[in-house]
Amino acid sequence: MEARTRSDHIPHDLSDPLQQCRLRPVQIWHDPDGRHVVGCGDCCDVRFIESLVKSRSAPVLAIHDPPYNVAMFKRKPVSEYIESCLQWVANTEAVLGPDASMYIWMGADQKNHFQPLPQFLAMMAETTFASRSFITMRNQRGYGTQKNWMAVRQELLLYTKGKPDFLVQYTDIPRILRGYYKEIGGKQTENSERSHSDTIRAGNVWVDIQQVFYRMEENVEGCPAQKPLKATERIILASSHEGDTVVDFFSHSGTTLLACERTGRRCITCDIDPVFAEITIRRLEHYRKTGKTGWQRGHPFETKPSEPVQI
Ligand SMILES: C[S@@+](CC[C@H](N)C(=O)[O-])C[C@H]1O[C@@H](n2cnc3c(N)ncnc32)[C@H](O)[C@@H]1O
């Protein structure tokens, strides 16, 4: 194994990436192909969100990955953190169509009473959303291995509004267990005859998804919180149809937008930080130009953005 740790910093030899950003706060970029929009702004700001979604069809799916209120990002008192969550959840409720799904990645700090997960769950119980699933994804890299159980979990909550469609998804894990018999139409059938796939169905524990690291093509240097495309595409395929609109208020490396591009959905996304909004646009342009999902060991700021730029 090569001795190189992942660098999550913009390289020093590049000039200030902020100078290279197309968007300033509350500005919105419209995809020249007419499919997606990327905004730079605060998702708690009602007017900014209204302008972001304006003249787009109502999303049937939201995928949000907010900062988890842990040390890596700026930590707020938990009540203040939940107050801001309540605002972006209300903004999501306002923009979603009548039958929609909302997935939220949420952290649980084991050194601090697992905050903010329990407070977030209690806050959601007071909203009009229905709780639907509590998924855990297993990371490969963890922490705390010597004095505690290795922390490898990522929590993903599913809430719904109305009655959205759900399409069963299958993993790449081969189905190997046999011998579960059931009588169907007077005939004794074995489970392998009855199944729809040679691989097992994705349940609410995902162990088959590789966490993003620097050797993967999809790696976006400078984006420490990047989620795997495979997880995001699984969500999109389960809870939307081709041509549907998907919204993500916390774009970062632009994973949701890229997953939408690859699966024929339309994406509305934003990030409060102009650098991450710019990376999101560049990741889409890079994919359209090269077919590559990220830069692996390269960098989003190593080339100039494609022209023409439309804001
Ligand atoms: C955990 S990362 C999202 C990772 C993303 N799912 C991906 O795969 O790249 C959270 C992002 O939310 C952004 N953010 C934090 N507060 C925000 C706010 N109030 N409005 C919009 N974006 C915000 C941060 O700048 C950061 O890029």
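Let me begin at Gly264, the residue that follows helix α6 and has a positive phi, near 75°; helices here are DSSP runs of H or I with at least four residues, strands are runs of E with at least two, and both are numbered from the N terminus. What we are looking at is a predicted model, in which local features need a pLDDT of at least 70 and side-chain atom pairs count only at pLDDT 80 or more, while totals for chains, interfaces and linings use all residues. Residues are numbered from 1 along each chain as its sequence is written.

Contact here means that the C-beta atoms of two residues, placed from the backbone, lie within 7 Å.

Now to helix α1, residues 46–53, where Phe48, Ile49, Leu52 and Val53 are the buried residues. Why are these on the same side of α1? They cover an arc of only 120° around the axis, which puts them on the same side; the arc is that of the directions from the helix axis to the C-beta atoms. On the other side of α1, Arg47 and Glu50 are exposed. The buried residues of α1 pack against β1 (28–30), β2 (37–40), α2 (78–95) and β15 (266–271), and just after the helix Ser55 takes a positive phi of about 55°.

If we leave aside its neighbours within four places in sequence, Ala277 is in contact with residues including Cys21, Leu23, Val38, Ser251 and Cys270. In soluble globular proteins, nonpolar side chains tend to be buried together.

Then there is the backbone. Most residues other than glycine have a negative phi, and most peptide bonds are trans. Against that background, Phe114, in the loop between β5 (108–109) and β6, has a positive phi of about 60° although it is not a glycine. Phe114 counts as partly exposed because it has 13 C-beta neighbours inside 10 Å. A cis peptide bond, with omega about 0°, joins Gln115 and Pro116, and Pro116 lies in strand β6, residues 115–116.

Finally, a word on confidence. The protein averages a pLDDT of 90, and 91% of the residues score at least 70; pLDDT is the predictor's confidence in each residue, from 0 to 100. Over residues 1–8 the pLDDT is below 50, and this stretch has 5 contacts in the model beyond near neighbours in sequence. Where pLDDT is low, the predicted coordinates should not be read in detail.

Terms used:
A residue is buried if 20 or more other C-beta atoms lie within 10 Å of its own, exposed if 12 or fewer, and partly exposed in between; C-beta atoms are placed from the backbone.
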